[in-house]
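I opened my notebook for a new protein today. Here is what I looked up, entry by entry.

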Amino acid sequence: MRSLSAAERELHRPRRPAIALENRYNKTVGDSQTANHDHKGRAIMSHSTTRRAFLGSTATTGAMLGLGDLGFLTSLKSVSAAEANIDSKFVQLRPEIAPVVRLIEETPRDRLLEDVAGRIREGLSYQELLAGLLLAGVKNVEPRPSVGHQFHTVLVVNSAHLASISSPAEHRWLPIFWALDYYKSAAATDADKRRDWTMQAVDESALPSPLQAPQAFTQAMDNWDEAAADTAIVGMARYAGAVDVYEQLFRYGMRDFRSIGHKAIFVANSWRTLQCIGWQHAEPVLRSLAYALLMHEGNNPSERDAEADRPYRRNLELVDTIRADWQAGTVDPQATRDLVTTLRTGTYEDASDQVVELLNRGVGPQAVWDALFVAAGEFLMRQPAIVALHGVTTTNALHFAYQTSGNDQTRRLVMLQNAAFLTMFREAMEGRGRVKEVKFEDLQPQQTSESVETSVGEIFADLNDNPDAAAAKMLGYLGQTQNPKDLIDAARVLIFLKGTNAHDYKFSSAVLEDYYHISPQFRDTYLASNIYMLRGSQLPDNKLVNRTRAALDT
């Protein structure tokens with residue numbers, strides 16, 4: 001991975017959510033690769049050029065890790081920059097994408113990869129397949145009783161997409177093939193547990209007018225009214241702009257601490273995937289999202305004082321006490337450390353109050369975000385398990401909302417909520433087993449070999465049996481080289497080869513992306529603290545690798 005270019009930084013500026021990803025993709029693909037065009041004018045990579053480039057990139061990573069290459073992927077055309085960048089009783093999908101969704105739905109799991117590979121050879125694009133995958137998930141998998149479990153087949157789509165576009169062009173199909181197989185597993189689980197739930201057609205007669213839809217949606221969400229929210233979000237999808245819709249959804253995604261952060265994750269991931277597949281597919285995605293955001297236990301939350309809702313209600317009052325020019329502040333490492341200390345032991349009130357105090361005395365928001373990222377990584381170091389993992393991925397999602405929102409109050413509120421949520425993650429960890437008494441400052445760098453290949457290989461070879469040593473060596477390597485690219489590339493390839501569940505993709509995509517969102521003083525420690533939930537090179541390859549190899553070799 002590389003540092004963000006000016007074009008990529010522009011991508012994340014507030015009020016610019018519809019910017020295309022062309023610059024990022026072009027940078028990843030590289031200007032040196034040549035392209036031809038098929039009979040429909042689509043760009044396809046020259047087989048000889050892509051094979052040479054692929055073999056070079058794969059051989060380098062493979063040498064570091066002692067792994068075989070992924071050369072079987074060259075039997076498909078590469079995912080070009082242009083492809084990845086294009087703009088009844090049951091829910092009806094748009095006619096141009098419905099056949100792709102039916103292919104994914106109806107093909108048996110043991111034939112899906114092979115049949116999809118055949119369709120790609122016939123011209124099915126990356127964008128079409130990504131859209132079909134997301135829509136099949138929101139149509140057929142219910143985000144209840146918790147926005148997690150089998151619903152990870154929807155939540156993981158953007159993470160697989162991020163892994164894909166961050167990889168060399170020739171590797172980009174592998175995460176998507178993994179997600180296809182995962183969808184079939186999740187859909188089968190949903191059918192067993194939920195009596196084969198399918199999204200119903202919307203009640204067209206109950207749709208609010210274009211003028212009424214935004215207010216109707218706000219009222220429905222505030223009242224936790226599922227039926228009214230379903231029709232109102234359809235009205236928003238059809239009549240409001242994408243920016244206006246997601247400005248509201250960012251708020252509701254961070255409203256309550258239920259499903260350990262999956263609500264905020266779904267908001268961020270759905271927005272990001274829609275930016276690739278196109279807003280024309282938004283309606284079923286937004287219906288699934290609104291339904292997920294209204295998940296709750298017990299009686300209507302608007303009529304009671306549940307613990308999950310308290311931080312938001314308090315922070316709505318607190319947020320307006322932050323000074324108007326809060327963005328003009330200094331990056332203060334000591335302020336970052338002080339906030340991390342509070343997040344280790346304090347209450348959600350303590351954490352939110354301290355964010356306000358720091359901003360009001362001239363500390364910049366970057367120092368606050370440094371603390372939130374570092375604390376999340378420290379929690380994972382203390383308990384490398386599912387709760388702390390979601391503290392990391394939720395912080396990633398909330399930071400994305402902060403970057404993307406153009407509403408000043410929403411951006412301030414995100415920081416307060418993220419701080420509050422981390423204390424609640426910490427408390428949840430205590431009920432899940434032993435929490436080690438370690439701090440991020442305890443991580444000390446260990447010298448590694450002067451050879452990049454040997455060093456990266458050692459780090460990931462140690463990860464399974466001695467993760468503490470792997471973390472120390474990673475910190476030492478990053479300090480020595482000042483260049484994380486080879487290490488990050490290796491981490492991503494190991495997810496492709498060794499990953500077995502949705503969290504492998506969700507977690508690694510979040511961590512590897514957020515490395516560059518953190519100030520240089522803290523980013524190496526952040527990455528090293530998160531190595532505990534990455535994949536080591538000594539694990540066996542997942543079964544899907546060989547199956548994908550066979551499918552693409554036919």
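This is a predicted model: local features need pLDDT of at least 70, side-chain atom pairs count only at pLDDT 80 or more; totals for chains, interfaces and linings use all residues.

Entry 1: How many of the residues count as buried? I looked it up: 60% of the 554 residues do. The chain exposes about 20,900 Å², and I saw that carbon and sulfur atoms supply 48% of that area.

**Entry 2: the largest nonpolar core.** I wrote down a general point to keep in mind: in soluble globular proteins, nonpolar side chains tend to be buried together. Here the largest nonpolar core has 168 residues. Which of its members touch the most others? They are Y246 and F460. As for helices, α18, covering residues 365–382, gives the most to this core, with 12 residues.

Setting aside neighbours within four places in sequence, F460 is in contact with L65, M474 and L487, among others. Its list of contacts also includes R535, G536, S537 and Q538.

**Entry 3: a cavity.** Next I turned to the second largest cavity, which holds about 100 Å³ of space. Which helices each supply at least two residues of its lining? I noted α8 (152–165), α13 (262–277), α19 (386–404) and α24 (502–514). Among the lining residues are N158, N269, R272, N396 and K506. The lining divides into four nonpolar, six polar and two charged residues.

**Entry 4: H399.** I stayed with helix α19, where H399 is found. Is H399 buried or exposed? H399 counts as buried, because its relative accessibility is 5% and the cut-off for buried is under 20%. Not counting residues up to four places away in sequence, H399 touches W369, F373 and H517.

**Entry 5: A472.** My last stop was A472, in helix α22, which spans residues 467–481. A472 has a relative accessible area of 12%, so this residue is buried too. What does A472 contact, leaving aside its neighbours within four places in sequence? I found Q444, P445 and Q446. I looked at Q446 again: Q446 and A472 are 26 residues apart along the chain, while their C-alpha atoms are separated by 5.1 Å.

Definitions and conventions: Residues are numbered from 1 along each chain as its sequence is written. Side-chain values use heavy atoms; hydrogens and water are left out. A nonpolar core is a set of buried Ala, Val, Leu, Ile, Met, Phe, Trp, Tyr and Cys residues joined through side-chain atoms within 4.5 Å. Buried means under 20% relative accessible area, exposed over 50%, partly exposed in between (1.4 Å probe, protein chains only). Helices (H or I, at least four residues) and strands (E, at least two) are DSSP runs, numbered from the N terminus. Contact means heavy atoms within 4.5 Å. Accessible areas come from the Shrake-Rupley method with a 1.4 Å probe; for residues, only the protein chains shown count as cover. On a 1 Å grid over the protein atoms alone, a cavity is a set of points where a 1.4 Å probe fits but cannot get out, and a pocket is an open set with protein on both sides within 12 Å along at least five of seven lines; lining residues have an atom within 4 Å of a point. Grid points are joined across faces, edges and corners, and a volume is the space filled by probe spheres set on the points. Ala, Val, Leu, Ile, Met, Phe, Trp, Tyr, Cys and Pro count as nonpolar, Asp, Glu, Lys and Arg as charged, and the others, Gly among them, as polar.
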